[in-house]
Amino acid sequence: MTNVPVIPRIRIGNQTAISCADPLGPFRFAMQNGFDAFEWFADKKENAEGRLAGWDESDMSADTRLWIREAGAAHDVLFTVHAPWQANPLDAGGVPLLLRSIDFARDIGANLVNVHLYVDDGPQGFVRALEPVLRYAAAAKLRLSIENTPQTTPEDFNQTFACLAELAAIPADTFGMCLDIGHANLCRTTHNNFIRYLDLLADTVPIIHVHAHENHGDRDSHLTLFTGPSREDDTGIRSFVKRLRRRAYHGAVILEQWPDPPQLLVEAATRLRALLEQEATKAQGGDPGEP
């Protein structure tokens, strides 16, 4: 009897947005439109008029957290949490912010907490600063995904994960990489070639989370998928999907924007899901795929 390969499930979701007046609006949109993943990004700022926009964990009461958890379970939505921009473990106030994000993630039943990689003190310095956060996450049965910024290179990740591998007391499945393809497209060593960024990552760097948005290599514009360069030529997105399949990726792909109109998210998810299904069909047929 022929063995049919099991195709890992890849979920597609969207994210909270400071540009949306209702902090819960993007989540309600996700449930209404059949998204099966959602990311809570604690981003709160004071605008020019002195009004606060966005949200952070202190705005989420115990009742709200319980409602989020139950609504997510009812709609089969996988939650992830993006720590605040200020949550840099190298800074004095960064670790408490990360611990607060982990507590929130635990309360809503999330899968992981996402944090940016900072290499100001080198890979070893970052890992040393992050170690207590990793221990806290492991105790909460959560994972940390470490995200590439436009400033961090594939080699930064290769070195950081070599250092993480030396933390024998912390389970290896506690941490992994969040690959942000928009940021990879802006990286100085892989400018306008996010696929090369992925190809330069060592096999020892496990990708456990994905942020998906586009740009034209000029700035971090967070264009919705298939509205930027891939509007006319989606070769890059197709190549990316092939590489996800080769890595047996089984996490979420988060569309990191709140476009006008939000329906663009539905269109992007539908098109991306079709590409993922095409790759799954090839895998089941034994097609190794293109390079």
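**Briefing: strand β5 and its surroundings**

Strand β5, residues 78-82, is mostly covered, with four of its five residues buried. This is a predicted model. β5 pairs in the parallel sense with strand β2 and with strand β6.

**Strand β5 and its partners**
- β2 covers residues 37-41 and joins β5 through five bridges.
- β6 covers residues 112-116 and joins β5 through three bridges.
- T80 also has a bridge partner in β6, namely L112.
- Helix α3, residues 94-108, forms a right-handed β-α-β unit with β5 and β6.

**Helix α4**
- Helix α4 runs over residues 122-139 and has 18 residues.
- α4 has a kink of about 40° at E131, shortly before the proline P132.
- Its buried residues include G122, P123, F126, L130, V133 and A137.
- An α-helix has 3.6 residues a turn, so residues three or four places apart point the same way.
- The buried residues of α4 pack against α3 and β6. They also pack against β7 (143-147), α5 (154-164) and β8 (175-180).
- Just after α4, K141 takes a positive phi of about 60°.

**Cysteines**
- The structure holds zero disulfides.
- C187 is in no disulfide, and the nearest cysteine sulfur, that of C178, is 15 Å away.
- C187 counts as buried because its relative accessibility is 0%, under the 20% cut-off.
- C20 is buried too, because its relative accessible area of 12% is under 20%.

**Backbone details in loops**
- The peptide bond from D260 to P261 is cis, with omega near 10°.
- P261 sits in the loop between β10 (252-255) and α9 (263-284).
- N192 is not a glycine, yet its phi is positive, at about 60°.
- The loop holding N192 lies between α6 (181-186) and α7 (194-199).
- N192 counts as partly exposed, because its relative accessibility is 44%.
- H222, another residue other than glycine, has a positive phi near 50°.
- The loop holding H222 lies between β9 (207-212) and α8 (235-246).
- H222 counts as partly exposed, at 22% relative accessibility.

Notes: Residues numbered from 1 in each chain as written. Predicted model: local features only at pLDDT ≥ 70, side-chain atom pairs only at ≥ 80, totals over all residues. Heavy atoms only, no water. Buried < 20%, exposed > 50% of the residue type's maximum accessible area, 1.4 Å probe, protein only. Helix = DSSP H or I, 4+ residues; strand = E, 2+ residues; numbered from the N terminus. Pairing = 2+ DSSP bridges. Right-handed = clockwise from strand over helix to strand, strands pointing away. Disulfide = S-S within 2.5 Å. Expected span 1.5 Å × (residues − 1). Bend = angle between axes of the 7 residues up to and from the residue. Contact = heavy atoms within 4.5 Å.
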